[in-house]
Amino acid sequence: MKIGILTSGGDAPGMNAFISKFTNLALKAGHEVVAFKFGYQGLIDNSAKTLTREDVSNIAHLGGSNIKSTRSSEFLTKQGFRRAIQNIKLNEIDCLIVLGGDGTLRGAKELSAAGIKVVYIPATIDNDLFYTEQTLGFDSAVNAAVDAIDKIKQTMLSLNRIFICEVMGRHCPDIAISSAIATDATILITEAKQFSFKETISKIKEAIGDGEEAPSVIIRENILDVFELAKKIQNELDIETRACRIGYVQRGTAPSVMDRILARKFAKFALELISSKKFSRAIGQVGNKIKSKNLSEI
């Protein structure tokens, strides 16, 4: 078979691990693997490249996506979508593997509805796809966030300062929750409606009274301006307060051991689905087992 593969939307650690393992498994089974660079935009631009073992060697440990990724507004138009379908057929692609988050999932469902044979891989640090307990990249992002918070905490402890760390996650609180638990944060803020400045000040005062030398606030992105919050806390308590957005360190980090293993499990399962001619499926992990669900049901 001639199998297409693309990564779409925000990159996630583990994408390269999947690409490497799947390509090697597919080539060994006698299939051809064609990458469309820059995701759905690559379908529109027909940026097809046949992958060899050399193309995917020594990339499994790297963050990002070796075949590039982007968000394509053109794919959302009727004309762009039509061109994507035409190029899939022009390249005689028998099946298309797509890796990405919720936007990529919607695109996969549209392609499937248009008659394209699709297998979807959940690859997003946000962990916001509810049919699967774990998405590729989430564990790596949490580890990167925790590593950064631990380092910031060490310097804050040296100076007895309050610090605020904003972590990624889009509109999903999972990275913030896991990071806060792992670093024993003083305060966790995951929703705008949950935030109360008065309560935040009260909890910080209580923590300092209990002997905490560097109270920490972990906050999910897209809630408030953390630098303004730091100024307000400092003015209120007369204690130096610093803010940090950890940002793309979480996305660009090398995949964790857990994500490397998960990527290999997803790759093996994806090839099994294709070999069994089971398409329009989304792969996920449920109860520590790799399973798939029909795209139309998600």
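Which residue in S10 is the bridge partner of Val119? In this predicted model, the bridge partner of Val119 in S10 is Arg281. This bridge belongs to the pairing of S5 with strand S10 (residues 281-286), which runs in the parallel sense over two bridges.

The two strands form part of an open sheet of seven strands. The order across the sheet is S3-S2-S1-S4-S5-S10-S11, and the pairing is mixed. Strand S3 (48-50) and strand S11 (289-294) stand at the edges; each has a single partner strand, so one side of each is left without a neighbour in the sheet. From one strand to the next, the twist averages 25°.

In the sheet order, S5 stands between S4 and S10. Strand S4 (residues 95-100) pairs with S5 in the parallel sense, over five bridges. Leu96 has Val118 as its bridge partner in S5, and Gly100 has Pro122. Strands of a sheet pair through backbone hydrogen bonds, in either a parallel or an antiparallel arrangement.

Strand S5 (residues 118-122) is mostly covered, with five of its five residues buried. Burial applies to both faces of the strand. Val118, Tyr120 and Pro122 lie on one side, Val119 and Ile121 lie on the other, and all are buried.

Helix H1 (residues 15-28) lies across strand S1 (2-7), strand S2 (32-36), S4 and S5, and runs at about 175° to S1.

Two packed helices are described by the angle between their axes and the distance between the axes. For helix H8 (residues 197-209) and helix H9 (residues 226-237), the axes come within 11 Å and cross at roughly 60°. H8 is therefore oblique to H9. The crossing of H8 and H9 is right-handed. On the H8 side the contact is made by Phe197, Thr200, Ile201, Ile204 and Lys205, and on the H9 side by Leu229, Lys232, Ile233, Glu236 and Leu237.

Terms used. Residues numbered from 1 in each chain as written. Predicted model: local features only at pLDDT ≥ 70, side-chain atom pairs only at ≥ 80, totals over all residues. Heavy atoms only, no water. Buried < 20%, exposed > 50% of the residue type's maximum accessible area, 1.4 Å probe, protein only. Helix = DSSP H or I, 4+ residues; strand = E, 2+ residues; numbered from the N terminus. Pairing = 2+ DSSP bridges. Axes fitted to C-alpha atoms, helices over the stretch in contact; angles between N-to-C directions. Parallel < 35°, antiparallel > 145°, perpendicular 65-115°, else oblique. Left-handed = near helix turned anticlockwise from the far one by under 90°. Contact = heavy atoms within 4.5 Å.
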